[in-house]
Amino acid sequence: MQSLALIENWPVPSAAAGVVRADGTVVGTHGPVAQRFPLASVTKPLAAYAALVAYEEGAVELDEPAGPEGSTVRHLLAHTSGLAFDEHRVMAPPGTRRLYSNAGFEVLGDHIAKATDIPFAEYLRQAVLEPLGMTQTSLEGSPAKDGVSTVSDLLKFAAEVQAPRLLDARTVLDAMSVVHPGLSGILPGYGHQKPNDWGLGFEIRDSKAPHWTGGSSSPRTFGHFGQSGTFLWIDPDAAAACVALAGRAFGAWAVEAWPAFTDAVLSELGGRSL
């Protein structure tokens with residue numbers, strides 16, 4: 001895919017990108033796809049997928065208590081537990097505000113570790129990474145932000161989400177559907193969004209503006225970006241997913257470069273016209 005070569009214009013020391021279709025076909029890659037990059041918050045979809053495996057295995061229930069009083073596993077996954085961004089401090093009653101929370105994912109990881117009697121990083125490896133052959137991916141700390149991976153590995157994950165084998169397709173549909181519709185909140189790096197829609201561990205594009213995906217991305221697009229200069233989006237209308245990892249922290253360069261890159265990828269895929 002010629003559009004992937006646009007990463008060469010990014011003001012970053014290194015970058016890699018790839019696209020995989022819903023049928024698992026990798027239609028293009030560019031750059032050092034075997035290079036391991038810190039994922040920052042792109043760790044969250046991986047952690048969420050492991051949590052959903054734990055749910056399907058019967059280790060946890062989505063609506064069982066977890067986190068602050070009144071909060072559940074579902075609240076933690078959807079950033080509606082009321083926990084602060086990076087502190088284990090309650091800022092709002094559960095289900096009333098979309099408060100993006102690293103702390104919430106750390107509580108989630110601890111909750112699953114206790115329920116399964118397996119450290120969360122090991123549970124993630126056994127439940128998701130190993131079955132998908134993601135041998136270059138590891139969780140090296142917080143389930144909110146300390147994953148390390150490659151484009152090649154994340155394309156395997158993006159293929160799984162589009163055509164699930166580890167989860168029931170209905171569970172993945174729930175993960176990409178809005179939890180607690182209508183809640184507003186801050187999308188880190190992009191300001192206040194009303195509504196600030198989120199699924200179970202995945203951010204949902206809907207009509208957010210500004211946004212890190214493209215102007216031609218469908219409202220059903222879901223995924224995540226990370227402050228380390230990383231993103232993964234899945235656009236069901238285009239029947240494809242894109243991963244990009246870069247060696248420079250998120251900033252004004254990404255706000256400018258990422259939407260145009262995504263629009264070029266979608267145009268080449270033939271998903272929609274610009």
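The following questions and answers concern a predicted model.

Local features here need pLDDT of at least 70 and side-chain atom pairs count only at pLDDT 80 or more, while totals for chains, interfaces and linings use all residues. Residues are numbered from 1 along each chain as its sequence is written, and side-chain values use heavy atoms, with hydrogens and water left out.

User: Which residues of helix 4 are buried?

Analyst: Buried means under 20% relative accessible area, exposed over 50% and partly exposed in between, with a 1.4 Å probe and protein chains only. Helices (H or I, at least four residues) and strands (E, at least two) are DSSP runs, numbered from the N terminus. Within helix 4, residues 120-129, the buried ones are Phe120, Tyr123, Leu124, Ala127, Val128 and Leu129.

User: What do the buried residues of helix 4 pack against?

Analyst: Contact means heavy atoms within 4.5 Å. The buried residues of helix 4 pack against helix 1 (43-56), helix 3 (102-116), strand 4 (138-139) and helix 5 (151-162).

User: How far is glutamate 160 from the nearest side chain of opposite charge?

Analyst: Glutamate 160 lies in helix 5. A salt bridge needs a side-chain nitrogen of Lys or Arg within 4 Å of a carboxyl oxygen of Asp or Glu; Lys and Arg count as positive and Asp and Glu as negative, whereas His and the chain ends are not counted. Glutamate 160 is buried and has no salt bridge, and the nearest side chain of opposite charge, arginine 165, is at a distance of 4.1 Å.

User: Which side chain makes a polar contact with the side chain of glutamate 160?

Analyst: A polar contact is a pair of N or O atoms within 3.5 Å; within protein, one must be able to donate a hydrogen and the other to accept it, and residues adjacent in sequence count only if both atoms are side-chain atoms. The side chain of glutamate 160 also reaches the backbone nitrogen of leucine 166 at 3.0 Å. Residues up to four places away in sequence aside, glutamate 160 touches Tyr49, Leu132, Arg165, Leu166 and Leu167. The side-chain polar contact, at 2.7 Å, is with tyrosine 49.

User: Which strands stand at the edges of the open sheet of three strands?

Analyst: The sheet has the order 3-5-4, with antiparallel pairing. Each edge strand has a single partner strand, so one side of each is left without a neighbour in the sheet; the edge strands are strand 3 (37-40) and strand 4.

User: How many bridges join strand 4 to strand 5?

Analyst: Two strands pair if DSSP finds at least two bridges between them. Serine 138 stands opposite valine 148 in strand 5. Strand 4 and strand 5 (residues 147-149) run antiparallel, and the number of bridges joining them is two.

User: Is aspartate 117, with its positive phi, buried or exposed?

Analyst: Phi of aspartate 117 is near 60°, a positive value in a residue other than glycine. Aspartate 117 sits in the loop between helix 3 and helix 4. At 70% relative accessibility, aspartate 117 counts as exposed.

User: How many residues apart in sequence are the parts tied together by aspartate 63 and arginine 74?

Analyst: The side chains of aspartate 63 and arginine 74 meet in a salt bridge at 2.8 Å, N to O. Aspartate 63 lies in the loop between helix 1 and helix 2 (73-77) and arginine 74 in helix 2, so the pair ties together parts whose separation is 11 residues.

User: Which residues are linked in a network of salt bridges?

Analyst: A search of the whole structure finds nine salt bridges. One of them joins arginine 125 to glutamate 130, with the closest N and O atoms 2.7 Å apart. Arginine 125 is partly exposed at 33% relative accessibility, whereas glutamate 130 is exposed at 51%. The network links Glu122, Arg125 and Glu130.
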